[in-house]
Amino acid sequence: MKKIKIIYLFLALGVLGSCERTFLDVNSDPNSPTDANITSDLLLTSAMLKTGTFTTASGRGTFGTFARWCGIWSPSADYASGEESKYLRQAGTSNGTWFSLYDQNNEFKSIENKSKANGETFYQGIALIMQSLNYQMAVDMFNDIPYSQALNPSVIAPKYDKAEDVYLDLLKKIDQGITLIKAADEAKNFNLSNGDILKSSTSLNTAANRKLKWAKFGNTLKLRLLIHMSQMPNINALAATEIAKINAEGSGYINAGETMGANPGYIVSKPNPFWASFIYDQAGNFSQTFNRANNFSLNIMKGLNDERYKYFYKPVAGTPGTLPAHWIGIDYAITNSDPTKRASVTSDIGGASSASGGTTGLGKSATMNSWIITASESLFLQAEAKARGWNVTGTASALYQSGVAESFSWLGVPSAASVAATYLTSPDPRVAFGATLTDNLRAIAWQKYFAFNGNTLLEVWNDYRRLDIVNLPLSTDPGRGTNPIPVRLPYPQTELDFNTANVNASGGGSISIFTSKIFWDR
Amino acid sequence: MRRFLSLFTMLMLCSLLAFSQSRVVTGKITDKDGRAIPFASVKIKGSPNGVSADDNGQYSLKVKAGDVLTISSSGFIQVDVAVENQTSLFTTLERSTKGDIKEVVVTGALNRKINAKSVGTAITTIGAEDLTKVKAVNVQQGLTGRVAGLNVQSVNSGVFADTRITLRGVRSLTGNNQPLLVIDGIPVSLDLISSISPNDVQDVSVLKSNAAAILYGQDGANGAIVITTKKGNRSKPTINFSTTAQFDKIAYFPKLQNEFGPGETEDANGLPVYDYFTNNSFGPRYDGSMVPLGHPLENGQQFMVPYVNLPNERFNFFNTGVTLQTDISVSGGDEKSRFLLSAQDAVITGIMPKDKNRRTSFRLNASRDFNKLSVGFNVNYIVQNYSVVNQGRGGFDDIYTSVIKTAGNVPLTSLKNWRSNPYATADGYYNFFGYNPYMLIDIDRSTGKTHRVIASTDLNYKLSPVFSLTYRLGTTLSISNSRSQLGATFVTPFTASYKPSPWGQSTKASVNDFSSTGVRVSSELFLNFKKNIKKFSIDGLVGNSILSRQTNSIGNSGANLVIPTLFNVSNRTGEPGVSQGLNQVRTVSAIGQATIGYDNKIFVTLSGRNDWDSRLPVKANSFFYPGVNTSLMISELIPTLKGNTISSLKLKGSYAKSGNVNLGAYQLNNSFSVGSFPYGNLPGYSIDDQLKDPNIKPEFIVSKEIGFELAMFKNKVRLEVNAYRQDNTNQIIGISLPASTGYTSSLVNAAAFVNEGIETELSLTPLLDLGKLKIDFKGNYTFQQNKVTKVYEGLDQLSIGNGGLVVVKKGQPAYLLNLLDYNRDPQGRVIVDANTGTPSLAGARKTYGQTLPKHIIGLTPSISYGDLALSVLFEYRGGNFIYNDIGQDLVFNGIAASTVEYDRQPFVWPNSVTQTGSTFTPNTNIYTRSGNANLYTNSIFNAVESAYYTSADFWKLREVALSYTFPQSLLAKQKLFKAISASFIARNVALWVPSSNQYTDPEFANTTGNATGINTTGQTPPTRSLGVTFNFTF
């Protein structure tokens, strides 16, 4: 009897032992996908959304700093001054920007890896071009960055590459991307029509024009890289080669009306991030009271009878007993005890006049695209290239004028074409194109400065550093001391803490934000 | 009480041989309350024959009619029992009034009653008498400061009484380091330790070594606290009733300035400006004049207040916290069955107004013996209901911050009626940068209800005198529902015209609901064996354990609620937020253990366990961990040692390995999350920021310990010393990566570290015995230190949490604070700017001191005079450091005492230098540009961390308890009460810290996890409490 029971016991143990394998095989994730079941289209929508959010709405973060340093926005008197108006920046302040760029690129890198393995060459090409865009922005802010060893799971501390080398490699990467896209069989790219959320003009959004759209995007990005390097010695030879390749490829650049941006299908309750950050929040309130019109930019546009200030900035809301629709700005960094500079009595960032949306201003509606590269930038890039004697189709002045007109039109200025044409007759050297390269660059620099107000803020700071044409005013914060406007950002605390050896090896531990320039800044 | 003396008798009896006798008698030995007396000795008078009872007080022995059995056990009066014709004997022993101290049995792992002599690892047992003597309200209080190696840290003073409990420091750098709690054999959540009434506790065993893991599995790797509840007795029912009221009051705030009122600007001459709208205190010095507070209302009225410091406003904002706890239990039984029914209700109202937490629990323990089969059943139901303020309102000030930063002249408590007082409403409240905290307390709430049912059933079947089978099925079911709500705020257009957003905007209400269910099922089957062969004994088991844990949680949230007071997710515009998490973990184990004893003097225990764990890669999911320990009764092996000086001496040594899968389910593959997707029909996924390792292995701990237990002077002096070393390898850590890798962390087998420590427990009982007056003393000292021996290939340092502020570094103890400092010259002097006189911030963080204490001392002197007893607990912890994050806020807001150190005048930065190239010149004449707002609101003060770094050493008078037991002579006149006692307990009576610590109780921390060492305003201020308890036995 007893023996039988003991035998039963061991039998029971034995049975448990034998069914163990399936009993314990309960570790496949029921909550989220893993590498095994994720597809390129799912990753692409998210990566494009993130990048579009970065290019459109980083004004809430680092790009807003550029806007304030560069005379476009100014904090209202509702806020105490911080380190920014003293031109100081702690390493920790760079964490978010750096993370976003590498996070976006990590997603594009995974798309690259996955699509390469699956023969989805269209996805692969998109991933290469988009990585180039994010790396370009990183170099423009930080100079030397981890590149050749970055985004590799087996390297936990990637080394830093020379900024110039990164730039030159990006040109190749974009070429490679365009080549892959043009040769791609779309049918072999699973669900591409859903995954590709880069939106432009209606005609470019068709499946038939998908390759054209991406090629234009890539070519424009290449031109942006070349123009950034315009002050480098021997740039003309490089530009000649690269532009010859672009011409040979044949798709051209982003044209008037073709501003490119991401749009996953924003709706009122999941709005465009610029709309949500700067115009109206979901409760229908104004989104923010921090940024207001900066007197520098506002007053120059007023002086030039440049209608666009009415769209880059909002009129002061219903102050009793005053004229309707007037615009009031703030000198950068006034003290917060000045009641005439409070948010309620100064000009907000421009956009639709009601929470239900409209067609004018920076923030037009909750459902608008998140711009990535604007058509006016593309036209100004072409104008500058041509002015420098590079082999771009068209005349410099015509490209310049269509860049200005495109800016009016993008903002939704009524009768944009004729208003722009009238504006362009101004003899002011900031408007008139002039005859010499110096004249041309001055006009282009100022018109880029106006056109990029609130929408292409990194390029505003880039052009200021590269061309030194727009004479930006210095902060009035007494704590500024003798600090000039910074010429770069400090490396993030996360790199100093977790990639210490490499950041120091590249000299990153001893950079000065006032004197350590980006390689193209000469 | 079972006493030490019985050991001697037992020793003699064990070696005796049994000769043929005429028949077998079986017996049971109990105390007068019916509790079994284990291991009592049973000897036939005038014969060498005898046996010792088992752990249930049962024995069987061959006897002849007419034999007389001498039954003895230490701590009881010996009796002689004549054997006549009975086949069973039931003997009750009376407790002797004097005797030795040492427990004969301890409760080991799996609730096995084991002979204390055979224990080769460190186990401290606290009996019911010790627990009730200090009148602890809960078991955790009863253990604090009383067990060497046990660190009970109260990290907050809220209604949840957050505590962190560790045994022998840490064994996992990032995983769980808290011990396993076992109540009546079933592992349960550690927080339930406060739900057990000390009145219901039979004993508590603290198993300090990771050897507990071999029987309990991975959760036992940090040791175990094993609570055995009373099982009821065999006399008539006993009813125990006790009630406690405890009152908590804020003990102190950080050191604050009380000279300067609201202001955040300076005029052109650098003089402070009175700003009526701010929560910063950089205004002019208080002068007693009438000043406006806040913007004029729409009707033109303005709040006028005297410009004086109101010293008690911040203090009076907080309530007196009250804990009311009632315990009732009924126990009883007969020869074959026993039961204990108990209930507890604890209602805690916090020092934070309106915060409340109520916990009610019911427990039934029942058992019945049937011949060879005994069956036990335990069920415990706990319901917890809480409502606390929802701190922070989406990134704004928490309540404590908004109260403590309120300028001294603001009559805060007069602004309580935020609905009716025009200066207290969202419109009229003076502060442009914060909400009225009274309003937030009313409209922003987190509420929740948790139900838990813990049930287990035990079957014991005696197969033969040698073998028995044990089967235990346990289940824990928990259901929790919680809701977090933010109320709507309303302001008029007039307010919106001057108050910045969001305070000057109307906002809509939002609600976030979360519910989860969890089921834990464990099944354990053991074959136990126990046999004596001549002088050898063997006691062991083999078994199998299956554990399954499953949770399912669902959350939904809605913003923009349409009807502002209707907190329901369907009452919203826009899309709802939804989430779901499923989790399943299974572990199968095979277990074996055997203790071999020789002559009751030498014991060796061998054990081993193999786990198969679902969280590991399927092909490598098995791991084995063995252990061996030995115990030598030196005083028995060398009888000449024993005498009036040495009563007993035991040496012990142990080796144990344990494995621990410090992973959640599904941690082997990179995962993807939806973020804000889908947009309509468009899906999207993004890569999670943590990189995973598909070949990850468990963490391993190898511990070695040696120790001795010495009793001297007839057991009046007892000393136990244990020394241990733990090698912790293969630590599973999410190492921080630079974002340039594309990830922010990587979950890998990384660091290794070594823990070493010495635990000393000394008791002098009695220290002094003058009849009615008795003085006892118990003390313990723990030294613990660890060292990180390996971090990760290519890394010498890694962050383990709290935003990179807490790190481990190769060659250094875990954990270190890692803080931002000023730029300093090679001599450590602060480099200041030659123009501004202020320092700059160094780019990279530097490591500072360790966060875990090195030295812990607990001293518990007690004195009793007749029925009156006074006991005191002093505790020291030291050798560690803390970062007081609260300091940044206090300085930035101008309320820290340190901001008036230079009387708000420019000053020369102490011990500073200026730098020209690589030359450093001592600074004697460059003053800071400002001594007011412009200086202290400078980002340097808000970014520097080293300035708020202090020693965490403290001495604490943690407890003073005075108790009175009504004498039996008084009770003899009535029949209702069998016993009555009353006690008064004061807790956290006094705290002594180094003068550099101007902030708070260094025990406080912003986490109960491993990254302790940082306190923030997330903890409410420390409290002092006074409680009174009455205890009635019917």
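Two strands pair if DSSP finds at least two bridges between them, and strands themselves are DSSP runs (E, at least two residues), just as helices are runs of H or I with at least four residues, numbered from the N terminus. With that in hand, let us look at chain B of this predicted model.

Strand β1 (residues 23-31) of chain B pairs with β4(B) in the antiparallel sense over six bridges. The open sheet holds three strands in the order β4-β1-β7 (chain B), with mixed pairing. Because β4 (58-63) and β7 (88-93) of chain B stand at the edges with a single partner strand each, one side of each has no neighbour in the sheet. On average, neighbouring strands here are turned by 30° against each other, direction ignored.

Now to the helices of chain A.

| Helix | Residues in the contact (heavy atoms within 4.5 Å) |
|---|---|
| α3(A), residues 40-57 | S40(A), D41(A), L44(A), M48(A), T51(A), F54(A), T55(A) |
| α6(A), residues 121-142 | Y123(A), I126(A), M130(A), L133(A), N134(A), M137(A), M141(A) |

These contact residues divide into nine nonpolar, four polar and one charged. The axes of α3(A) and α6(A) come within 12 Å and cross at roughly 25°, and the two helices are therefore roughly parallel (angles under 35 degrees). α3(A) passes α6(A) in a left-handed crossing, that is, the near helix is turned anticlockwise from the far one by less than a right angle.

Residues are numbered from 1 along each chain as its sequence is written, and chains are lettered from A in the order in which they are written. In this predicted model, local features need pLDDT of at least 70 and side-chain atom pairs count only at pLDDT 80 or more, while side-chain values use heavy atoms, leaving out hydrogens and water.

Terms used
Axes fitted to C-alpha atoms, helices over the stretch in contact; angles between N-to-C directions. Parallel < 35°, antiparallel > 145°, perpendicular 65-115°, else oblique. Nonpolar A, V, L, I, M, F, W, Y, C, P; charged D, E, K, R; others polar.
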